[in-house]
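Dear colleague,

I am passing on the structure we spoke about, together with some notes on what turned up when I went through it. Please look at the model first and then read on.

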Amino acid sequence: MLLGAAPGVGKTYTMLEEGARLKAEGRDVVVAVVETHGRAATAALVGGLEVLPRLASQHRGVELTEMDADGVVARRPDIALVDELAHTNAPGSRNEKRWQDVLDLLEAGVDVISTVNVQHIESLSDVVEQITGAPQRETIPDAILRSADQIEVVDLAPQALRDRLAEGNVYPAARIDAALSNYFRLGNLTALRELALLWLADEVESALKAYRAEKGIDSTWEARERVVVALTGGPEGETLIKRGARIAARSAGGDLIAVHVSRQDGLADSHPGALAAQRALVEKLGGSYHQVVGDDVPRSLVAFAKSMNATQLVLGVSRRSRLAALLTGPGIGATVIRESGSIDVHIVSHSRAGGRFTLPRPGGALTLRRRIVGLVLALVLGPLVTLLLTAVRSDDTLTSDVLVYQLLVVIVALVGGIWPALIAAVLSGLTLDFFFVQPIHSVTIDRPLHLLALALYVVNGLLVSYVVDQAARRSRSAARALAESELLATVAGSVLRGQDALAALVSRTREVFGLTSVRVLAEGRVVTEVGQADRDDRVTTLPTGTHGTLELRGPDLAAAEQRLLAVIAAQVDAALERSALRQAADEVEPLAQADQMRTALLAAVGHDLRRPLAAATAAVTGLRSPGVEWTPADRDELLATASESLESLATLVTNLLDVSRVQAGVLAVSLAAVDVDDVILGSLDELGLGPDEVELGLAYALPAALADGVLLQRVVVNLLDNAVRHSPADVRVRVAASHFDGRVELRVADHGPGIVADRRDEVFVPFQRLGDTDNTTGLGLGLALSRGFTEGMGGTLDAEDTPGGGLTMVVSLPVAGVSVAGVSVAGAPVAASPDPAPPEGAAS
């Protein structure tokens, strides 16, 4: 089966090439039915194959030919080539659809190679209609297409297909413009191409799943990026979903899959409302939501990920505290990492995690909690060590006893710092003296050497605890310095990023200082605010400089934090200043544009208005000269010169006033249902153009456009005048009108030199005559006014390439909802616009 995104991609040609290749290999291949569309290359391929005769029938006086399925079965070839699988057979045929004939061939043992477009797949027909605006009359069931042994996409880039169409390789010349402006728009073709490729990718995925299931393969095959996001229903779910969506978006065609594991007993700690909101977010981002049941959450999660052939697994970092993790063992994340195998696991931090980024508090080297733990360690381990050592006490164990107590002091120093270690050293010294130094059970020492050893022991414990305390202090200082540098880097980067710098800056400030809320005030108004304020919060106000105030709500800040906060305040002030400058620039920009327009107007008045005014003045002055006798012919010539100059002057002044109204946004527009055909004919009459200069292509039953008839005619006159002026003398300008997707389109195409794509917008700038050195042709306001008038009517005016060379101006206006019959112009060729949907017999 050969699948194409649109007519013209080359399905028929590819099918015939495959048939020729199979015939060269010795297979019996026949052409059951094929449409060459009059192309020599396709006909040449058909000529090398056996073509079976078709069945002929009469329908309403027209002879129709269809594939002779019975004749193919009687011929019994190895392979039959059947074009256009979705085709509807002529009335009276045995089967209504051609695909039903193909089923008969397959049942008779004849293999079939066929073609179909994505627009004909039944499950996608409504999607294609939304994309193209054209309903699909002929469809084929998905199951028929999926039953093919092999499906191959015949792919062609959208622009390449448009080029083929423009060159006349798909449709006849009379239908090219309408096709390019309707069904074969670049956006339509791109969407159809994606649709075809995704449909085939899904079919390949289904085949891959079936193969893996059949072969019992459970390892991950990274054929496509699949990101599984584990949801618990907690507040971190939104963060995880968005992170997973970003990971999936990095790879074209990546899948986002969210899963929630609930226990079999139904006792879940998740919030149903939160899960529902997270499910809605997943579906909004184009993902799918799943729920599985399992008592062992991490293993159920990994099993699900492997069943989905996932390549990435996204988890939130545990919300448990470190103490809870120490008491209850490794969490879900650690187990998932151990069991995941080849699946990459992402542990994502979030604001509800057990720990988040905050600045370490200045102060003591070790926290109060560590000191308490160290003290408890000294008080608990000391008696236990004493009990153990007294059980094995002898005269030869004193040295080992001292070393054991020394180890105890070192352990306490490492955990609790200098003060718990000092207490442990003193207590262990007294314990050694009381239980192990003669005389036993007394605090006296009978040998001075033992006193020295005991003193050195205590000093040694103090020194070790001091070193540990200093190391902890420096480690804490380094951690704070690192946190401050990260904060400052974030602050600086936020300011450089521009518009969102202030919000990012305030959000980061609230996070690192552990504040309830932070907001920035400027000129008595709140510029930005993060967090929810509490009545009981302490409010700290800090001036940022000359542009605003930083208001902080939360706990008091230490002196070191106040210093860092001053730096942040300076950055906030810089961001406010940047915002103020941007606002001022936005306010000045219209003034600059108005000044530029004023300068251009003055230049136009000084140059282009002077010529007709001077000519009219000279003619009138000559006529009024008393010393000159004018003949009637001379008088008429002077009057004609004055009249022509004054009319030109009036036109220029009208255009200047109109462009001023357009620029000021005060253009008077009277919208009504307008017959575009009448506007085109009126424009031709105004310019005095006939069939020798202009070719018409007006659609029958063209609906009325919602427009201002007077303004629309001025637009058409300007476009026609430009097109005729730039087209070669022996080539006619083409004017076509069609409708598509609720819009009426009017296209004025010339075959002149054209304009490169990156300079097309310049022709719509007032006082611009791009590439036109003839200063007698006007002020260069025609296209600027035309776009302004069109946009004032709710339409658009754009420039495109003309197939074969030149420039096409496209006016698009909304349909007014009133159907108006097409008008045939005597003496001018009139072509009906084809249906926007390509017929089944379109070239492929």
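A word on terms before the surface is described: a patch here is built from residues that have over 30% relative accessible area and no salt bridge, and nonpolar side chains are joined into one when they lie within 5 Å. Please also keep in mind throughout that this is a predicted model.

With that in hand, there is a nonpolar surface patch of about 940 Å², to which Leu368, Ile372, Leu375, Val376, Leu379, Val380, Leu384, Ile423, Val426, Leu427 and Leu430 contribute. The elements that supply two or more residues to this patch are helix 15 (368–391) and helix 17 (418–435), and helix 15 gives the most, with 7 residues.

As for the overall build, the protein contains 25 helices and 24 strands, and of its 844 residues 41% are buried. Among contacts with a separation of 6 or more, 71% are between residues 24 or more positions apart. The accessible surface comes to about 43200 Å², and carbon and sulfur atoms account for 56% of that area.

The mean pLDDT of the protein is 77, and 77% of the residues reach 70 or more. Among the elements, strand 6 (residues 79–82) has the highest mean pLDDT, 93, while helix 13 (residues 322–328) has the lowest, 51. Over residues 359–363 the pLDDT stays under 50, although the model gives this stretch 22 contacts beyond four places in sequence. The pLDDT is also below 50 over residues 839–844, a stretch with 28 contacts in the model beyond near neighbours in sequence. Where pLDDT is low, the predicted coordinates should not be read in detail.

I then turned to charged pairs. Side chains of opposite charge can pair when their charged atoms come close, and a search of the whole structure finds 25 salt bridges.

One of them joins Arg519 to Glu551, with the closest N and O atoms 2.7 Å apart. Arg519 belongs to strand 14 (residues 517–522) and Glu551 to strand 17 (residues 549–554), so this pair ties together parts that are 32 residues apart in sequence. Arg519 is partly exposed, at a relative accessible area of 22%, whereas Glu551, at 10%, is buried.

Another is formed by Asp296 and Arg299, whose closest N and O atoms are 3.0 Å apart. Asp296 is partly exposed, with a relative accessible area of 33%, and Arg299 is likewise partly exposed, with 41%.

A further salt bridge is found between the side chains of Arg725 and Asp721, at 3.6 Å from N to O. These two residues both lie in helix 24 (residues 709–726), 4 residues apart, which is about one turn of the helix. Arg725 has a relative accessible area of 35% and is therefore partly exposed, and Asp721, at 38% relative accessibility, also counts as partly exposed. Elsewhere, salt bridges that share partners join Arg185, Glu745, Arg747 and Glu800 into one network.

With best wishes

Definitions and conventions: Residues numbered from 1 in each chain as written. Predicted model: local features only at pLDDT ≥ 70, side-chain atom pairs only at ≥ 80, totals over all residues. Heavy atoms only, no water. Patch = residues over 30% accessible without salt bridge, like charges linked within 9 Å, V, L, I, M, F, W, Y side chains within 5 Å. Areas by Shrake-Rupley, 256 points an atom, 1.4 Å probe, with all protein chains shown as cover. Salt bridge = Lys/Arg side-chain N within 4 Å of Asp/Glu carboxyl O. Buried < 20%, exposed > 50% of the residue type's maximum accessible area, 1.4 Å probe, protein only. Contact = heavy atoms within 4.5 Å. pLDDT = per-residue confidence, 0-100.
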